[in-house]
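Okay, thanks for having me, everyone. I've got one model to walk through today, so let me put it on the screen.

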Amino acid sequence: MEQPTDWTEPGAHRVAPGVHRIPLPLPIASLHAVNMYVIEDPSGLVVVDSGWAMPDTRTSMERALKTLGYGLDDVSVFLVTHAHWDHYSQALALREAFGTRVRIGRGERPSIEAFDVGRGLHPRQVEMLRRCGAPELADEIANMPIDQSERDVPHTLPDSWIDDGERIGLAERGLDAFATPGHTRGHIVLRDAGAGLLFAGDHILPHITPSIGLETEPEPRPLRSYLESLRLVRDMPDTLLLPAHGPVTPSVHTRVDELLEHHRERLEAAAAQVRAGRTTAFEVAAALPWTRRNRSLGDLDAFSRMLAVLETEAHLDVLVDQGVLDGHEEAGVRSYAVRA
């Protein structure tokens, strides 16, 4: 179905019969917007992802639904791909207002239950940065101020969990849920085989690579899980890609192949830096280029530097699993060396 040139253009954009994409604003300049997908069903609207709980998001959602002849009270259930605020929190806010059911992948439970804004927004990441040999960056992240709007974002449990392999039966279609850990440990995608659609959340994005393991309780090897999850989806028949950020694109397979190649190249680049004498994730990250503009680590903001260092650690740990590197920890800092 034809889409606007600017994927962030407000409104309800038809992507398939009975399925519409609604871009919602975000308070994150680098992400621009998040896509909410509305599935029309006789039992009520089924919505995949919900946006960030803030007034502008709710207004955009209401206006777009009105063009389809619906209101917020017509939503019967939110199916959420993962627990990041830009996907989950508006669903929780609307549940309070309308009693709408909210469902999310079971693997998100540890991070949802452990989240406590009183500990800071990224307490585990602060610990991980110290392990990566980046104590100054760790202190910077630990001391980042938390404003009232962040304190007020809802982050409670869903009404029920979505299990890997579950088939969510609607009146006129079926959605198959698949666990795709990596971006978060409980991330799921939803596949409508009959219509040839994959609601991919942040697992597969058309223009950027998702962060790895950014959550309250990350798993030990998030990149290994992410690569396995990419291959899982690649083994399925190809479909239209309905991403959370970016335009609808015609082939899941094409983008998965690009992402696998990107991470293959990053693994090679990380290994080369260890061969050149860098030993910690921070040292390797500082020697690598970042973003499509090939910026240096020091040119990034603190949050982006955190993501870069932790992604580098994830790549180095995969290289250890592959037998390319050895890793050992001393005085709380993890170091890497080429395996003899």
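I'll go through strands, then cores, then cavities.

Quick housekeeping: this is a predicted model, where local features need pLDDT of at least 70 and side-chain atom pairs count only at pLDDT 80 or more, while totals for chains, interfaces and linings use all residues. Residues are numbered from 1 along each chain as its sequence is written, and side-chain values use heavy atoms, with hydrogens and water left out.

Let's start with strand S3, residues 33-39. Strands here are DSSP E runs of at least two residues, and helices are H or I runs of at least four, numbered from the N terminus. Seven of the seven residues in S3 are buried, meaning under 20% relative accessible area with a 1.4 Å probe, protein chains only. Both faces are covered, with Ala33, Asn35, Tyr37 and Ile39 on one side and Val34, Met36 and Val38 on the other.

So who pairs with S3? Strand S2, residues 19-25, does, antiparallel over seven bridges; pairing takes at least two DSSP bridges. Ile22 has Met36 as its bridge partner. S3 also runs antiparallel to strand S4, residues 45-48, with three bridges, and Ile39 sits opposite Val46 there.

Next, an open sheet: five strands, ordered S8-S9-S10-S11-S12, with mixed pairing. The edges are S8 (167-169) and S12 (240-243), each pairing on one side only. Inside it, S10 and S11 pair antiparallel over three bridges, with Leu190 opposite Phe199.

Now the cores. A nonpolar core is a set of buried Ala, Val, Leu, Ile, Met, Phe, Trp, Tyr and Cys residues joined through side-chain atoms within 4.5 Å. The largest has 46 residues, and Leu129, Ile204 and Leu316 have the most contacts inside it. Helix H10 (302-321) is among the elements giving two or more residues, and H10 brings the largest share, ten residues. A second, separate core of 29 residues includes Val47 and Leu65.

Ile204 touches, among others, Leu198, Leu230, Pro243 and Arg255, not counting residues up to four places away in sequence; contact means heavy atoms within 4.5 Å.

Last stop, the largest cavity. Which residues line the largest cavity? They are Ser211, Ile212, Gly213, Leu214, Leu307, Leu310 and Glu311. A cavity is a set of points on a 1 Å grid over the protein atoms alone where a 1.4 Å probe fits but cannot get out, and lining residues have an atom within 4 Å of a point.

Note on methods. Buried means under 20% relative accessible area, exposed over 50%, partly exposed in between (1.4 Å probe, protein chains only). On a 1 Å grid over the protein atoms alone, a cavity is a set of points where a 1.4 Å probe fits but cannot get out, and a pocket is an open set with protein on both sides within 12 Å along at least five of seven lines; lining residues have an atom within 4 Å of a point.
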